[in-house]
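Dear colleague,

Please find the structure below, followed by a summary of what was found in it.

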Amino acid sequence: MSASPLGATDQLATPPAGPAPMVAEVRPGRGGDLWRAIRRNKKAVAGVVLLVVFLVFSIFPGQIAPYDPTAEIFPPALGVSRHHLLGTTAYGQDIFSQLVWGTRLSLVIALAVGGLATALAVLVGVSAGYLGGATDGFLSLVTDVILVLPIFPLIIVIAAYEQNAGFLTLVVVLGVLGWSYGARQLRAQTLSLRRRDFLEAAQVRGERKSYVILNEILPTMTSLIVATFLGAALYAVLTAAGLQFLGLGDPNSQSWGTMLYWAQNNEALFAGMPLWAIAPGVCIALLGASFALLNYAFDEISSPALRVRKLERAKLQTARPTPALPSPGETSDGAVLRVEDLSVAYATDAGPVVAVDHVDLELARGEFLAIVGESGCGKSTLLYAIARLLGSPLPGEIVGGRVQFQGKDLVLLEEKELRRMRWRDLSVVMQSAMNALNPVLTVSQQMEDACRAHANWSKAEIEVRSREVLRLVSIDPVHLNSYPHQLSGGMRQRAMIAMALLFTPDLVIMDEPTSALDVVAQRSLMVQIKELQEQLGFAVIFVTHDMSLVSHFSDRLLVMYAGQVAELSPTKELFDRPLHPYSQGLLGAFPSIHGPKVRLLGIPGSPPDLAHPPTGCRFAPRCPQVEPRCTAAEVPLSTVNGSLVRCVLHETGT
Amino acid sequence: MRFVLRRLGFFVLTLWVAITLNFLIPRLMPGSPAVAMMARYRGHINPQALHAIQIAFGVNTHESLLRSYVTYLGNVLHGRFGVSLTFFPDPVTHDVLQALPWTLALVGVTTVLAFMLGTLIGLVGAWRRGGLMDSALPPIFVITSAFPYFWLAILSIWLFSLKLGWLPQSGGYDVTDTVGWTWGFAGDALKHAVLPAMTILITAIGGWILTMRNNTISVLAEDYVRMARAKGLNPWRVMWTYAGRNAILPNLTGFAMSLGFVVAGAILVEYVFNYPGVGWMFLQSVENQDYALMQGLFLLIVVTVLTAILAADVATALLDPRTRDQR
């Protein structure tokens, strides 16, 4: 969906915090958005607050700490009191003052190691990913080796030879060894960016490599770089504390780890002074937690899928009056599926967006219905709503309407009842079998689990049936024992269709099943689908963005635009006499093989933002035949010679 | 099994890097600690011990760096790490092998347990998106995973041993016990293992939960999970064989990477509990400047970590047919 919630805020009620940024689109130079995204995330706020407190401690220890942390001027082992908030040490030093002064070293180590490790990770990761070839091979190998070397014991070994690990040793060793995890991720990210258009464009422009890396690659990886920094900082805090606790740091330095070392040496627990150990430990844990919380929050901010958004039904604008549906002009006795007034909405940060808006359609037994439209017009959402399969990555909830199938309303059906019906009566074929087949199971295993879910067949019977359906789609049954990645693209697609026919369902829902194939394979697969349909008698709903593909196969065409039905006509009718200007535009966008040479016309502009659709006809802003009355009010569907069309040019009645 | 062979090659390469570091660090660090060490020991310990240290460091003033490196490699390959000063005149190999079972039982079992439990909780949490397990647990475990292991160890001793007196606070078994395969000893050893195991479990589990949760969430958005639902499969089947089995693959890689973190934590936990494992002995050797023992233990830790990673690789190959076919 191309929804841009930033612009939607003036229409939908939003929390006073201000416009909700589409966080997936956070880009460098738009620090404002990033800052707002952080402010909205509770974990991020907690992390920032903790970090700021420690920063203040480390910058102004003299002002905050009441006493000199090293001065052994008080009675030893005092308990908590007004003068000594956390008591005194075995040597009579004020613990609170020590904690405040100890912040500086921990924080400086964390930031220094974080900075060094991040710089190295960026250098190695991005170079490896961008340069590729032997350089990549070598750098990746080095990264992997350092990644699995146990760093902590190694640092102990070094510290042991040095007698103790001073500040510099600690920072250098931790930084030099702690970059590998980040480098690995940055390399992967760079690899995926390399083939993007904007990078190729930069190469064509003849930009220098260093320019491309600094100005084109790095800015897109801000969140990953931040994550690398936070991860390394957290790691540095814990490792440094561990070393100091062992007495391998500088024992005269002011740090939390050193405080723990003295606590352990003076047997804090047995001396009845657990606070000696608890207080510095809490500080280490809190500083670590602030980095960990920020890291986690950043993860959530950069991949919105990790957050749960609740659909606020109250904010839905479904109150829009829909005129009563004109009778389609045929009896519903032969109907295998009847969709009535179906609406689907999904949640965004800016509130609910209606993706399918009051759609009606009816499908006769054995009918082939094609749904066409540009991407983002709601055709796939409609399809999966009918099959009750909405959910990430096609988020959405049915907010109104009915789906009558086999005498039942699928919308209201319990999950358990629905499950019994699935695949036996209604099966689904998806866009890319590469993604729709489970990569870790063989074809036969995936056939088998469908069979076991719905029939009480023996292993032999399942095998027989699996072979049978594979032969139906002309695949040699030897491929039963293949994994999906071992088959060619066309074979995978056929295997999925075979799977969908295991129980010869009444309805097969197909979501662009041929779009991943080349033109020749597309054609032969379409012919095969049509033959199977005629042979076995199932009805098909076929979603595609390619009208010419279905021209010879579908009985009726449903043209969708911006979540609504624009036109529903018999296929031949629609190709000969398209009624809706959008249908005309779509037809003008495809070349005809047989017809006379005509100039191909696209449709200028793009579908509207469903978060705030235009008033009146939704196609009006792009329509070449637009009139003032188009934008005046919602346009109802009208019946014209057995076709349904939503356009003022064909408005009947009133 | 090209994949496993390649990983085996990586195992050998990394081990070689670790051995080389072991050789180079004492010789090349500023001030050449190895030579300083020799000078310090000369005259104080008997020639046999001195020779042992020379082997451990590959130090022999008459040989070139390269020659002594080759000799050192040969010694390591034959398991000759010299003689321990702490447990004189035990050869290092002997001491090291004595500590190993304790660590394998404590750290090995708890790490595997933490991985399995964490993976399970992460999977179920992500499966029930927005449920209590999904909304309450992640923030909690983000915070616990930032706890220093040793601090949690101190706290648990304070609470469970000193305040409540439920469990022993130190050692791997009661000193009055005779070590052996008896029920009494096993029970006693188990009792001593509970607190350190708990400490490692609580801090290690958070990472697995979080990564598995995030993996599962992205796998749940895959078409094959939607397809499994469309097939009307039992939700358990969808969760295990479709979501879980695919989401655990990156977690296995993550297992290899986070192992260093666990090892660091485990060393400190053994130290705090005086648990007679590899980590404790390693720190003892550091304290006693018993460098031969320290180097042997360091290599043992490296080998153990690499073996665990290799096991994760084999598991990946078993679970993912695509890795098996990789060339």
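Which residue is the bridge partner of Phe405(A) in β5(A)? The partner is Lys408(A).

This is a predicted model, in which local features need pLDDT of at least 70, side-chain atom pairs count only at pLDDT 80 or more, and totals for chains, interfaces and linings use all residues. Residues are numbered from 1 along each chain as its sequence is written, and chains are lettered from A and ligands numbered from 1 in the order in which they are written.

Helices (H or I, at least four residues) and strands (E, at least two) are DSSP runs, numbered from the N terminus. Strands count as paired if DSSP finds at least two bridges between them.

In chain A, four strands form an open sheet in the order β2-β1-β4-β5, with antiparallel pairing. Its edge strands are β2 (351-364) and β5 (408-409) of chain A, each pairing on one side only. Between β4 (residues 397-405) of chain A and β5(A), the antiparallel pairing extends over two bridges.

The contact between the chains takes 66 residues from chain A and 68 residues from chain B; residues are in contact if their C-beta atoms, placed from the backbone, lie within 7 Å. On the side of chain A that touches chain B, α14(A) gives the most, with eleven residues. That side divides into 49 nonpolar, eleven polar and six charged residues; Ala, Val, Leu, Ile, Met, Phe, Trp, Tyr, Cys and Pro count as nonpolar, Asp, Glu, Lys and Arg as charged, and the others, Gly among them, as polar.

In chain B, the contact of α5(B) with α11(B) comprises four nonpolar, two polar and one charged residue.

Yours sincerely

Terms used
Contact = placed C-beta atoms within 7 Å.
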